[in-house]
Amino acid sequence: MEQEPHAAPALGDRTIVLVGLMGVGKTTVGRRLAHLLHLPFVDADHAIEEAAGCSVSEIFARFGEPAFRDGERKVIARLLDGPRHVLATGGGAYMDLRTRAAIKARGISVWLRADLDLLMDRVGRKGHRPLLQTGDPRATMERLIAERYPVYAEADIVVDSRDGPHDRVVRAIIHALEEYGALPRERLP
Ligand code: S3P
């Protein structure tokens, strides 16, 4: 039987933080990664929705993006102060200077990188993202890539997400975490 990797003890008390653009698969990949590492999984957007008592779209519509960013910063800071886990962040979270500093201090960041076509393919299936409610979502995504990729590049680890099963990305993350020294090597199948 294939041996499953365990997070302890090399990871220490650090949380594994997934960053990257909308549609790249942070939630799906994060949940599976957490399962394999026997760690809890938290989706930051869901935690924000729980704290606010309404959806991300409603927060944007009723209070505006700056209010969402304030809530996002507070919720992520609280999560990072808690026990280690796998944390999927919303695409804009790592762009915030203070959130980025908190992630650097308390976590290991993993940027899930994908190209424009793949992202558009993935977000095309769900239309709930407030930032993409524009006349030309592809142009918006292209602008976000230009603005954000240089900042995401500050992440500790970069893993490419290509077309194919999410499990391949999960395996690539585990391998990269091993290389980084955050997971014991001998655990890899
Ligand atoms: C955002 C991404 C969303 C959500 C919000 C803003 C962004 O999360 O936090 O709509 O700024 O890129 P996902 O990346 O999980 O879609």
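Two aromatic rings of Phe, Tyr or Trp count as a pair if their centres lie within 6.5 Å. Keep that in mind as you explore this predicted model, which holds four aromatic pairs.

**Stop 1: a tilted pair**

Select Phe60 and Phe68. Their ring centres are 4.9 Å apart and the planes meet at 40°, so this pair is tilted. A plane angle over 60 degrees would have made the pair edge-to-face, and one under 30 degrees stacked. Now colour by accessibility: Phe60 is buried, with a relative accessible area of 15%, and Phe68 is buried too, at 4%.

**Stop 2: an edge-to-face pair**

Next, select Trp111 and Tyr149. How far apart are their centres, and what is the angle between the planes? The centres are 4.8 Å apart and the planes stand at 75°, an edge-to-face arrangement. Trace the chain from one partner to the other and you will find that the pair links distant parts of the chain, 38 residues apart. Trp111 sits in strand β4 (residues 107-113), while Tyr149 belongs to helix α7 (residues 137-152).

Are these two residues buried or exposed? Trp111 is buried, with a relative accessible area of 4%, and Tyr149 is buried as well, at 15%.

**Stop 3: arginines over rings**

Stay with Trp111 and show Arg113. This arginine lies over the face of Trp111, 5.3 Å from the ring centre. Then move to Tyr94, where Arg100 lies over the ring face at 5.9 Å from its centre.

**Stop 4: two helices meeting**

Show helix α3 (residues 56-63) together with α4. Their axes are 7 Å apart and the helices pack at an angle of about 130°. That angle makes α3 oblique to α4. To see the contact itself, select Val56, Ile59, Phe60 and Phe63 on α3, then Glu65, Ala67, Phe68 and Arg69 on α4. Which classes of residue make up the contact of α3 with α4? There are six nonpolar residues and two charged ones, with no polar residues.

**Stop 5: a buried glutamate**

Finish on helix α4 (residues 65-81) by selecting Glu72. Its relative accessible area is 2%, so Glu72 is buried. What surrounds this residue, leaving aside its neighbours within four places in sequence? Show Asp45, Ile48, Gly90, Gly92 and Ala93: Glu72 is in contact with each of them.

Definitions and conventions
Residues numbered from 1 in each chain as written. Predicted model: local features only at pLDDT ≥ 70, side-chain atom pairs only at ≥ 80, totals over all residues. Heavy atoms only, no water. Helix = DSSP H or I, 4+ residues; strand = E, 2+ residues; numbered from the N terminus. Buried < 20%, exposed > 50% of the residue type's maximum accessible area, 1.4 Å probe, protein only. Contact = heavy atoms within 4.5 Å. Phe/Tyr/Trp six-rings, centres within 6.5 Å; stacked < 30°, edge-to-face > 60°. Lys NZ or Arg CZ within 6 Å of the ring centre and 35° of its normal. Axes fitted to C-alpha atoms, helices over the stretch in contact; angles between N-to-C directions. Parallel < 35°, antiparallel > 145°, perpendicular 65-115°, else oblique. Nonpolar A, V, L, I, M, F, W, Y, C, P; charged D, E, K, R; others polar.
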